Amino acid sequence: MADEGDEPATAGEPDTTAGAERTDDDPDGDDRHRHRHPDDRVELGLALLERLEHESLPLPEAVDRIETVTTDPTATRTILDEAELRGIIDREDGIVRPKSRQYVSFDRDVITKEGEFTCRRCGSGLSTGYFVDLEAGELGPFGSSCIRKVTGRE
């Protein structure tokens, strides 16, 4: 079952996800961002894995983080496979090791909004939502404890 918002373009709408975007203006030769996956959920999941504040974590905990983006098992596997392929993580014996040390900064990367929200991780009602501003998009809302869990601070 797909998450709300996981639906592909409907009939009559142009499909802007066909093909992968390729840029050759990467002076460092860092291949991780050269090929954009046509599924935005995958890109958002990759951006999240790239910013996790963990030296290592068990695969189920990595999946818990990815499930804030999508609960679609195929998309989750794609995110993990693509993250390994792009060099964002290492996976071995049920352990995920993020390679980046670019963590989420609560001052710079977390946006707070007031309103009526439902936490994307636990489902609780919120009057203050916390959103992670990632290169691939905004992820949230989360409550105050779930934002810490998602980013690896707890």
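User: Is Leu-49 buried or exposed?
Analyst: Keep in mind that this is a predicted model, where local features need pLDDT of at least 70, side-chain atom pairs count only at pLDDT 80 or more, and totals for chains, interfaces and linings use all residues. Residues are numbered from 1 along each chain as its sequence is written, and side-chain values use heavy atoms, with hydrogens and water left out. The cut-offs are under 20% relative accessible area for buried, over 50% for exposed and partly exposed in between (1.4 Å probe, protein chains only). Leu-49 has a relative accessible area of 0%, so it counts as buried.

User: Which residues does Leu-49 touch, leaving out those up to four places away in sequence?
Analyst: Contact here means heavy atoms within 4.5 Å. Leu-49 sits in helix 1, helices being DSSP runs of H or I with at least four residues and strands runs of E with at least two, numbered from the N terminus. Its partners are Ile-66, Ile-79, Leu-80, Ala-83, Ile-88, Ile-89 and Pro-98.

User: At about what angle does helix 1 run to strand 6?
Analyst: Helix 1 covers residues 40-50 and lies across strand 5 and strand 6. Axes are lines fitted to C-alpha atoms, for helices over the stretch in contact, with angles from 0 to 180 degrees between N-to-C directions. For helix 1 and strand 6 that gives about 75°.

User: Which strands are at the edges of the open sheet?
Analyst: Three strands make up this sheet, antiparallel and in the order 4-5-6. Pairing takes at least two bridges found by DSSP between two strands. Pairing on one side only are strand 4 (110-118) and strand 6 (137-142).
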